[in-house]
Amino acid sequence: MGKKKLVPQRRTRNQRARPALVHLAILDTYAVRWSLDTFVRDLVQNFFDAAPDFRQVRFDLDRAARTVHVAGPVEFDLDYLCYVGAGTKHDGRSVGGFGEGFKICALVALRDFGLRLSAGAGRDEIEACLDPVPLGRELCYRRSRRRARIPGSWVRLEGCDDACLEAFAASPGWFRHPANPKLLPPIAEDPASGAAILPSPTPERGEIYYRRQLRGVLRYYARPDRPVTLVHDAPIDDLEGDRDRRDLPAERIARAIGDKLPPEGLHRVLLPLEPYWEHGCVPLSGLLQAA
């Protein structure tokens with residue numbers, strides 16, 4: 001009896017190609033540790049930086065299914081997710097890029113928080129996984145293509161606990177955009193540089209927004225009734241050494257804001273801070289250096 005000739009099987013229109021495994025050369029022993037808030041902020045930041053209007057970014061939280069789905073209107077190239085150092089952001093007011101930061105997001109999602117992470121843009125999709133290798137487990141992407149194109153880009157997380165769901169629910173308030181209710185009309189600002197002093201709606205505390213992201217909280221103890229929020233969208237050269245920009249010095253940011261405000265704007269800011277003239281506060285100190 002003769003041998004049967006093996007004929008390659010053709011995929012039907014409803015079948016997808018087998019996902020390709022993309023190796024990222026990052027082991028799960030990589031010594032990076034992010035808090036849950038840092039992980040959520042870094043992931044959402046990519047959509048914030050890419051979207052012309054952050055109100056176009058959709059957050060779908062399903063508490064019963066324990067899933068989070070974030071989708072934005074801008075389609076990104078998944079090739080940028082496969083190489084450390086690649087990025088698509090060239091605006092000086094934006095931070096990072098869909099590249100190194102997303103890989104770390106994927107690593108900590110799987111390794112530290114026990115999540116399942118997938119993402120897509122157009123017809124392309126990836127799912128993060130940890131693949132066994134001789135040295136341990138390597139972060140990889142399973143990459144595939146859909147039959148139909150989905151507009152924009154998205155990230156989906158499965159297996160979210162209550163803390164993760166709450167962090168994503170709160171995350172729109174961690175960025176400077178028109179729909180953030182904590183950002184009131186400025187006392188004074190320089191629109192060209194995005195430097196501004198805002199009244200805070202919360203007694204005893206203000207916030208620090210650097211490069212359009214919430215980076216810290218200001219406490220006001222002596223006179224808690226007139227706190228202000230600091231905003232500086234443009235980069236400050238001597239603060240750019242730390243990629244994550246944690247623990248930013250409020251006095252340095254206040255001075256940078258004061259340096260950009262016109263004299264009349266600086267005067268408008270110093271007058272509301274009169275309750276702190278006697279005992280001082282950190283924003284007042286930085287603004288007086290600029291004055």
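Biologist: Which residue in β10 is the bridge partner of Tyr210?

Modeller: His232 in β10 is the bridge partner of Tyr210. The partner of Tyr209 in β10 is Val231. This is a predicted model, where local features need pLDDT of at least 70 and side-chain atom pairs pLDDT 80 or more, while totals for chains, interfaces and linings use all residues. Residues are numbered from 1 along each chain as its sequence is written, and side-chain values use heavy atoms, with hydrogens and water left out.

Biologist: What makes β8 and β10 a pair of strands?

Modeller: Strands are DSSP runs of E with at least two residues; helices are runs of H or I with at least four, and both are numbered from the N terminus. Two strands pair if DSSP finds at least two bridges between them. β8 and β10 (228-232) have 3 bridges, so they pair. They run parallel.

Biologist: What makes β8 and β9 a pair, and which way do they run?

Modeller: 6 bridges join β8 to β9 (213-219). That meets the rule for pairing, and the two strands run antiparallel. Tyr209 stands opposite Leu214 in β9. β8 and β9 form a hairpin with 2 residues between them.

Biologist: What is the strand order in the open sheet of 5 strands?

Modeller: The order is β6-β7-β10-β8-β9, with mixed pairing. β6 (188-190) and β9 are the edge strands, as each pairs on one side only. From one strand to the next, the twist averages 15°. That angle uses axes fitted as lines to C-alpha atoms, for helices over the stretch in contact; it runs from 0 to 180 degrees between N-to-C directions.

Biologist: Why is β8 called largely enclosed?

Modeller: Buried means under 20% relative accessible area; over 50% is exposed, and partly exposed lies in between (1.4 Å probe, protein chains only). In β8 (205-210), 5 of the 6 residues are buried, so the strand is largely enclosed by the rest of the structure.

Biologist: Why do Arg211 and Arg212 count as buried?

Modeller: Arg211 has 7% relative accessibility, so it counts as buried. Arg212 has 19%, so Arg212 counts as buried too. Both lie in the loop between β8 and β9.

Biologist: How many disulfides does a search of the whole structure find?

Modeller: The search finds 0. A disulfide is a pair of cysteine sulfur atoms within 2.5 Å.

Biologist: What makes a group of residues a nonpolar core?

Modeller: The members are buried Ala, Val, Leu, Ile, Met, Phe, Trp, Tyr and Cys residues, joined through side-chain atoms within 4.5 Å. The largest core here has 52 residues. Among those touching the most other members are Phe39 and Tyr141. α2 (100-111) gives the largest share, 8 residues. A second, separate core of 26 residues includes Ile197, Tyr210, Ala254 and Leu284.

Biologist: Which residues does Phe39 touch?

Modeller: Contact means heavy atoms within 4.5 Å. Leaving out residues up to four places away in sequence, Phe39 touches Trp34, Cys105, Val108, Ala109, Phe113, Leu115 and Leu157.
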